[in-house]
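The sequence and the structure are shown first, and the description follows.

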Amino acid sequence: MASIASNPKSTANQREILNKVFITSIALFVLLFFMAPLGYMFTTAIKSDSQMSDPDAPPWWPHSPDTFTYQGEELPLLEVPLEDGTRELAIVNKTRTESTFIDPQNPEAGEIQWEGNWRTLTPVYSPDAQWQNFRTAWEELNVPLLLRNTLIIAVFGTIGAVGSSVFVAYGFARFNFRGKNVLFMILIASIILPIQATLIPTFILFSRIGWTNTFLPLIVPHYFANAYNVFLLRQYFLQIPRELDEAAMIDGANPLRTLISVIIPQSVPALTAVSLFHFFFAWNDFFAPLVYLVARPELWPLSVGLQKFNALYGRQPNLIQTGALITLVIPVVIFFVAQRVFMQGIVFTGVEK
Amino acid sequence: MAVADQTSPKPLASPKKKQYQGLQREQSKWGWIFISPWVIGFLVFTLLPVIATLVFSFTNYNPVQPDNTQFIGVQNYLRMFQDAKVGKSLQVTITYALLAMPISFIFGLLLASLVNSVFLIGQHYFRTLYYMTSMIPVVAAGVIWAGVANTQTGWINLALEAIGIKGPDWLNSVVWIYPLLVMIGLWGLGNLMLTMLAGMQGVPNEIYEASMIDGANGLQRYWNITLPLITPVIFYNLTLMLIGIFKYFDMAYVLKNGTGEPNDATLFYALNFYKNSFEYNLMGYGSALAWGLFIIVLVLTALLFWSQSRWVYYAGEGRG
């Protein structure tokens, strides 16, 4: 057998393996940076309050100072430098010039004297996750209420956004009428219109009819279709062969019947993508709930609730991270479950022209 | 096309033509029925409010005292030009745009190239994981990054400390807040990455093969083939990002609780609009600010579309 290195085929193989290792390492490295803030969130979420305010505590991971119970008292453990090396001892009696300690391994050996200011000694920490932070944040943030509000806004909005967009997309995809192309251009152009340009009159309108401080301004406008959804669905409908519609029409189905029995069953992936788009949009939306619900905390969705909690409880960063974790877990889990359909939908809207 | 030419009338109204006209009327009727939700919504929630915003912008409307509303001519617009906060908010927005757009595009392009690489093991997993951070709700992301960037326990400065650098106070520095916002923005590049990736995958293989025969190396192929052919996707994303920056509000609000701190460094245009309209109740002035925003976005979009012919390559152009 010839030497491996001189075989051109296996050199190519080696190069390919090297390339794979190189590229994949870069990708992992980038991923590390992407995920690191989530690591921070997670570890902070399960830290104790005292660790958050303790500058000596190990910063990366949840830790608590160790204690030793001696004669019914909880004594803090400190790292004490002695002649025979540094030992972890429980402090019994502390003064500024000398302190007495006890060895937790061997309490019977009696007290150990140490000269020096005990405040200069480092406490002993060991890893300690505060899982009950989730319960505390759940209650303090009033997550059940926020979750209920978010779900009402997201679910009813999604029904309206998808239903209306299906109708409009079907109209644009399958029927010919005067001005259709101009209207479609206007629809697409409306993407660039900033919400601010319509907000004040809309706000005044809603406040005149008593809709401010209710969910209605966050739900009802979505029952009138939006450009992204219509665009995606129309593209999708255009790919469905017209023969299928015509067959249904010949069987006596009117256009509405055709939409329900032919088009919709053929478009499940696009409908799923559009539903997810709106659901995530509503879950994420912060500006509109802030404008319309700011005065009614009992109607806040998670986004506003978490922001206000953050502004109020700036001194409890651990609970805030717990709240962030609770807020992001549902969209992220849904995304992982539905990622294929969802990401195809993004590509479909972005690339098809 | 399903509809025949309407401009060539036949001399006689044959039964066939009558039937055809009837069909067309049917088509038209159903078409309008189906698109009516959008037409109504567009009139009620877009067109009329845009016009009403323009009308309000010439008044001193204040929702607390709506009866005192008067037409005050172009005073709101004059005020805009003199208002130091407006100037500041434009400066903040433009600073962020100049920093965020190139970095986001380069990073997004690199991400897309990375997950497009044939050498990447587990491509699909990387795509999903890189995209995942775009799904994190903006308020949660803001809260997380505010933690990551804090000077005591934040991981950014801890990591910098580990390599011997004393990190800045990101959240309270008028300089370092912008790099922080740009970093946070990288979490939301999922759509950019995916659409660029799809663009790259749409480049026909024959072009690459032909260039390899001509002896082009990897970098040359990337620069001379891949990039020009995905310019339509770049254009699409550039337009959306530019508009997005002028609407940038949520993250600035969450990080600094809507105060615009430090020293108005996060007073983005949209935040200044919000404060005037909904905190100070100056809705007349707010309407003028909204129209200002609308005009800026329109002009920028128009400029981008105008520049399109110089740098965006459409494969289908030759076909007419």
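Along the principal axes, the C-alpha atoms of chain B fill a box of roughly 90 × 75 × 35 Å.

Of the 320 residues of chain B, 36% count as buried. A residue is buried if 20 or more other C-beta atoms lie within 10 Å of its own, exposed if 12 or fewer, and partly exposed in between, with C-beta atoms placed from the backbone.

## Basis of the model

Residues are numbered from 1 along each chain as its sequence is written, while chains are lettered from A and ligands numbered from 1 in the order in which they are written. Because the model is predicted, local features need pLDDT of at least 70 and side-chain atom pairs count only at pLDDT 80 or more, whereas totals for chains, interfaces and linings use all residues.

## Chain A: domains and strands

Chain A contains 14 helices and eight strands. Its radius of gyration is 31 Å, whereas a compact globule of 353 residues would have one near 20 Å. The C-alpha trace of chain A spans about 100 × 85 × 35 Å along its principal axes, and 38% of its 353 residues count as buried. The domain assignment, which is automatic or from a database, gives domain 1 (4-45), domain 2 (67-123) and domain 3 (141-351). The C-alpha centres of domain 1 and domain 3 of chain A lie 38 Å apart. Their contact takes four residues from domain 1 and six residues from domain 3; residues are in contact if their C-beta atoms, placed from the backbone, lie within 7 Å.

Strands β4 (residues 85-94) and β5 (residues 98-102) of chain A run antiparallel and are joined by four bridges; strands pair if DSSP finds at least two bridges between them. A hairpin of three residues links β4(A) to β5(A), and N93(A) stands opposite T100(A) in β5(A).

## Interface and nonpolar cores

Between the chains, 77 residues of chain B are in contact with 73 residues of chain A. Helix α1 (residues 15-56) of chain B supplies the largest share of the chain B side, 19 residues. By class, that side has 55 nonpolar, 20 polar and two charged residues. Ala, Val, Leu, Ile, Met, Phe, Trp, Tyr, Cys and Pro count as nonpolar, Asp, Glu, Lys and Arg as charged, and the others, Gly among them, as polar.

The largest nonpolar core has 148 residues, among which V230(A) and M193(B) touch the most other members. Helix α4 (residues 143-174) of chain A gives the most to this core, with 13 residues. Such a core is a set of buried Ala, Val, Leu, Ile, Met, Phe, Trp, Tyr and Cys residues joined through C-beta atoms within 7 Å. Leaving aside neighbours within four places in sequence, M193(B) is in contact with G108(B), L111(B), A112(B), Y130(B) and Y131(B).

Most residues other than glycine have a negative phi, and most peptide bonds are trans. A cis peptide bond joins E261(B) and P262(B), with omega about -10°. P262(B) lies in the loop between α12 (250-256) and α13 (269-279) of chain B. N263(B), placed in the loop between α12 and α13 of chain B, has a positive phi of about 50° although it is not a glycine. N263(B) is exposed, with 12 other C-beta atoms within 10 Å.

In chain A, N142(A) has a positive phi near 55°. N142(A) lies in the loop between α3 (132-140) and α4 of chain A and is partly exposed, with 17 other C-beta atoms within 10 Å.

Conventions. Contact = placed C-beta atoms within 7 Å. Helix = DSSP H or I, 4+ residues; strand = E, 2+ residues; numbered from the N terminus. Rg over C-alpha atoms; globule rule 2.2 N^0.38 Å.
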